[in-house]
Amino acid sequence: HGSRPNWFSGTTPRMGFGTGKTIGESIDIITELDKQYDLRLKVDETRDLVRAFRTIFPKQTRPSSRSAFLLKGLSKVPRREIEDTLAKTDDLLQ
């Protein structure tokens, strides 16, 4: 795998820029990319969509690379709650 760049602090996402600046938040990364390269990204719409996602996912769950939003503490999120969340996600992405 090789060694990590010295600006990588262990959190993801993480991006280093040629200016020496590093950023570790998704919205901040796309904002900076848009500013530096005039990509005409829809940063405000993206920020609103991220906020909306936070409102539909089950409370007291957390993102995870292994079981994202499927656990509440040590318990599983009930199947019906997961199905409702997926339906709301589909609606949000329409």
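Student: How far apart are Lys35 and Glu32 in helix α1?

Tutor: Lys35 and Glu32 are 3 residues apart, so about one helical turn separates them. Keep in mind that this is a predicted model.

Student: OK. What do the side chains of Lys35 and Glu32 do?

Tutor: They meet in a salt bridge, at 3.4 Å from N to O. Side chains of opposite charge can pair when their charged atoms come close.

Student: Is Glu32 buried or exposed?

Tutor: Glu32 is buried, because its relative accessible area is 8% and the cut-off for buried is under 20%.

Student: And Lys35, buried or exposed?

Tutor: Lys35 counts as exposed, at 61% relative accessibility. So this salt bridge has a buried partner, Glu32, and an exposed partner, Lys35.

Student: How many salt bridges are there by this rule?

Tutor: The count comes to 9.

Student: Give me another. Which residue does Arg80 meet in a salt bridge?

Tutor: Asp84. Their side chains come to 2.9 Å, N to O. Both residues lie in helix α3, residues 79-93. They are 4 residues apart, about one turn of the helix.

Student: What joins Arg79, Arg80, Glu83 and Asp84?

Tutor: Salt bridges that share partners join these four into one network.

Student: How accessible are Arg80 and Asp84?

Tutor: Arg80 is exposed, with a relative accessible area of 55%. Asp84 counts as partly exposed, at 30%.

Student: New topic. What's the overall layout of the protein?

Tutor: It has 3 helices and 4 strands. From the N terminus on, the elements run β-β-α-α-β-β-α.

Student: How much of the protein counts as buried?

Tutor: Of its 94 residues, 16% count as buried.

Student: Now the loops. Where does Arg40 lie?

Tutor: Arg40 lies in the loop between α1 and α2. Its phi is near 60 degrees, a positive value in a residue other than glycine.

Student: Which residue meets Arg40 in a salt bridge?

Tutor: Asp38. The side chains of Arg40 and Asp38 are 3.6 Å apart, N to O. Both residues are exposed. Arg40 has a relative accessible area of 66%.

Student: What's the phi of Gln60?

Tutor: Gln60 has a positive phi of about 65 degrees, and Gln60 is not a glycine. The residue sits in the loop between α2 and β3, where β3 is 71-72. Gln60 is exposed, at 70% relative accessible area.

Terms used:
Residues numbered from 1 in each chain as written. Predicted model: local features only at pLDDT ≥ 70, side-chain atom pairs only at ≥ 80, totals over all residues. Heavy atoms only, no water. Helix = DSSP H or I, 4+ residues; strand = E, 2+ residues; numbered from the N terminus. Buried < 20%, exposed > 50% of the residue type's maximum accessible area, 1.4 Å probe, protein only.
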